[in-house]
Amino acid sequence: MTRFDDPSDLSQPGYQISRSKLDTILLNRAQRAGVDVRQPCRALAPILSEGRICGVETTLGPIRAAFIIDASGGVGWLRKKQSLALYRGSPRLLARYGYCEGRCEDLSEGPLLVGRPWGWHWIAQVASDRLAWVSLCFPGRSLIANKPESLSDFRDIGPPKGADVSWRHVLPSAGDGYFIVGDAASVIDPASSHGVLRAVMSGMMAAYNVKQALSGREAEAKTAVHFSRWLTGWWRRDTHTLSNLYRELNPCWLQVDQGSTSWRICDEE
């Protein structure tokens, strides 16, 4: 069931929240915890010392740090600056999404995810008067992922948008002086349902490994290896599970050998 009125009611299995509201909540919490937030500020380039990243050049001047954590999302800032390998585990996947005005009683018990041989669509009541939808078509289909027909009578809130949700992963996602988290490190299309969870948990794991290294409990090189293996393992398990699901919907879905390390390497997205 989706609830919008009482976030303190923990008996409910899930909630919907807008990205802007979640960003504000997290930013305010970080500030209360003592984080030095600098806005507006744009990262320009990593600062290197004998091959190790030790800070970031920004529009507000250099910032030195024992470690940096890249949470730049799909932009992949550090990957591009350091020319790190980007591995793909799927053909190119494009999702379209949008919002509509109104309320759908059929969604009172929670979001709806419908799979078809051509792909899938997801619909959810994300506010008392707003619906959200996402559609994805499998590669090789002549169809274009559009607004679900069941929402044809609902008025759009702005034009639909698109996103590249191809399965991709950066290796290594940690190294000398850096950790890469969230979508900056790995992406799987929304049907995996782990995007927010992976973003939060990879940030927590990066912070844990930074603490281990700074305290001397573990060598920096080992923390980087542990983090990268942990995140890669999660990505491979999710893509394996999703591949099995997609083959049930469409037997022509690409067979991905999850035990292989010979992923196609791409320099550009």
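Strand 8 (residues 94-101) pairs with strand 11 in the antiparallel sense over seven bridges. Two strands count as paired if DSSP finds at least two bridges between them. This is a predicted model: local features need pLDDT of at least 70, side-chain atom pairs count only at pLDDT 80 or more, and totals for chains, interfaces and linings use all residues. Residues are numbered from 1 along each chain as its sequence is written, and side-chain values use heavy atoms, with hydrogens and water left out.

**The chain overall**

- The protein chain has four helices and 17 strands. Helices (H or I, at least four residues) and strands (E, at least two) are DSSP runs, numbered from the N terminus.
- Of the 269 residues in the protein chain, 39% are buried. Buried means under 20% relative accessible area, exposed means over 50%, and partly exposed lies in between (1.4 Å probe, protein chains only).
- The protein chain exposes about 15500 Å², and carbon and sulfur atoms supply 54% of that area. Accessible areas come from the Shrake-Rupley method with a 1.4 Å probe; for residues, only the protein chains shown count as cover.
- Among contacts in the protein chain with a separation of 6 or more, 62% join residues 24 or more positions apart. Contact means heavy atoms within 4.5 Å.

- Five strands form an open sheet in the order 9-10-11-8-12, with antiparallel pairing.
- Strand 9 (112-116) and strand 12 (161-164) stand at the edges. Each has a single partner strand, so one side of each is left without a neighbour in the sheet.
- Neighbouring strands of this sheet are turned by 20° against each other on average, direction ignored. Axes are lines fitted to C-alpha atoms, for helices over the stretch in contact, and angles run from 0 to 180 degrees between N-to-C directions.
- Strand 11 (residues 130-137) is mostly covered, with seven of its eight residues buried.
- Gly98 has Trp133 in strand 11 as its bridge partner.
- Strand 10 (residues 119-127) runs antiparallel to strand 11, and eight bridges join the two. Trp120 stands opposite Leu136 in strand 11.
- Strand 10 and strand 11 form a hairpin, with two residues between them.
- Strand 8 also runs antiparallel to strand 12, joined by four bridges. Here Leu94 stands opposite Asp164 in strand 12.
- In a regular strand the side chains alternate between the two faces of the sheet.

- Three strands form an open sheet in the order 3-4-5, and the pairing is antiparallel.
- Strand 3 (43-49) and strand 5 (61-64) are the edge strands, and each pairs on one side only.
- The twist averages 30° from one strand to the next.
- Strand 3 pairs with strand 4 (residues 52-58) in the antiparallel sense over six bridges. Ala43 has Thr58 in strand 4 as its bridge partner.

- Arg198 lies in helix 3. Arg198 counts as buried because its relative accessibility is 1%.
- Leaving aside neighbours within four places in sequence, Arg198 is in contact with Ser186, Val187, Ile188, Leu231, Trp234 and Asp238.
- Met201 is also placed in helix 3 (residues 195-214). Met201 counts as partly exposed because its relative accessibility is 35%.
- Val196, Leu197, Val200, Met201 and Met204 make a nonpolar surface patch of about 460 Å². Patches are made of residues with over 30% relative accessible area and no salt bridge; like charges are joined within 9 Å, and nonpolar side chains (Val, Leu, Ile, Met, Phe, Trp, Tyr) within 5 Å. A salt bridge is a side-chain nitrogen of Lys or Arg within 4 Å of a carboxyl oxygen of Asp or Glu.

**Backbone points to check in the viewer**

- The peptide bond from Gln39 to Pro40 is cis, with omega near -10°. Pro40 is in the loop between helix 1 (19-32) and strand 3.
- The peptide bond from Leu171 to Pro172 is cis, with omega near -5°. Pro172 lies in the loop between strand 13 (168-171) and strand 14 (174-175).
- Ser83 has a phi near 55°, a positive value in a residue other than glycine. Ser83 lies in the loop between helix 2 (77-82) and strand 7 (85-88), and is exposed, with a relative accessible area of 65%.
- Ser193 has a phi near 65°, a positive value in a residue other than glycine. Ser193 is in the loop between strand 16 (186-187) and helix 3, and is exposed, with a relative accessible area of 59%.
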